[in-house]
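Visitor: I would like to learn how to read a model like this one. Could we go through it together, feature by feature?

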Amino acid sequence: MKDVIIKELQEQIFYGLRTISNDKQIKKNTQDLMQQVHRASGCEMKPPYIICTKEFYQDDGEYQLFVGGMKRYQNLEKLMMLEGTYAVIEVSCKWMQSWYTAIHEAKHYIYHKWMDKTPYVPCHVEYVLFTEKSLGKKPILELYVKLMPNQKTENS
């Protein structure tokens, strides 16, 4: 697994569509939203674009799923990604591995191995950024996990 980098990001605005999803439906829901964004904008989804999950509903295993890009179109919703501290890790697919599996492995690494060694806790906002590096024979995307200081660590 590659190194996790901590980045301070400025507020960013994305335009797209959202739905409620879960781990079983995320692949289908993502593809559906990509098609809907394509129809609403009249443009093919080209980098940079994001797939964002936030506001996790722990009891139901559901969360908000947002798919969109940086170009503004009249029929798309606005998503404001707040400025703040993010854990960032590059994700690449191994041979015959799906993006969903690679992203899941990267999330597992951040939450269960890396997070314990830091003064941060997650804020329940994650997004995957597809850029020009996501194209080509060895595609790479970036996983962002919003962080906040761990109150227990600060008060110790």
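Guide: Let's start with a cysteine: C52 is buried, with a relative accessible area of 1%. Buried means under 20% relative accessible area, exposed over 50%, and partly exposed in between, using a 1.4 Å probe and protein chains only. This is a predicted model, in which local features need pLDDT of at least 70 and side-chain atom pairs count only at pLDDT 80 or more, while totals for chains, interfaces and linings use all residues. Residues are numbered from 1 along each chain as its sequence is written, and side-chain values use heavy atoms, with hydrogens and water left out.

Visitor: How many disulfides does the structure hold?

Guide: A disulfide is a pair of cysteine sulfur atoms within 2.5 Å. The structure holds 0 of them. The closest cysteine sulfur to that of C52 is in C123, 12 Å away, which is too far for a bond. C123 counts as partly exposed, because its relative accessibility is 25%.

Visitor: Which residues of α1 are buried?

Guide: They are I26, N29, T30, L33, V37 and S41. They lie on the same side of α1, because they cover an arc of only 100° around the axis, taken from the directions from the helix axis to the C-beta atoms. These buried residues pack against β2 (12-22), β3 (49-57), β4 (62-69) and α2 (99-114), where contact means heavy atoms within 4.5 Å.

Visitor: And how do I read a nonpolar core?

Guide: In soluble globular proteins, nonpolar side chains tend to be buried together. A nonpolar core is a set of buried Ala, Val, Leu, Ile, Met, Phe, Trp, Tyr and Cys residues joined through side-chain atoms within 4.5 Å. The largest one here has 29 residues, and those with the most contacts inside it are I89, V91, I110, W114, L143 and L147. Its largest share, 5 residues, comes from α2. A second, separate core of 13 residues includes L9, C52, Y86 and V125.

Visitor: What is W114 in contact with, leaving aside its neighbours within four places in sequence?

Guide: W114 touches V4, I6, A87, Y109 and L147.

Definitions and conventions
Helices (H or I, at least four residues) and strands (E, at least two) are DSSP runs, numbered from the N terminus.
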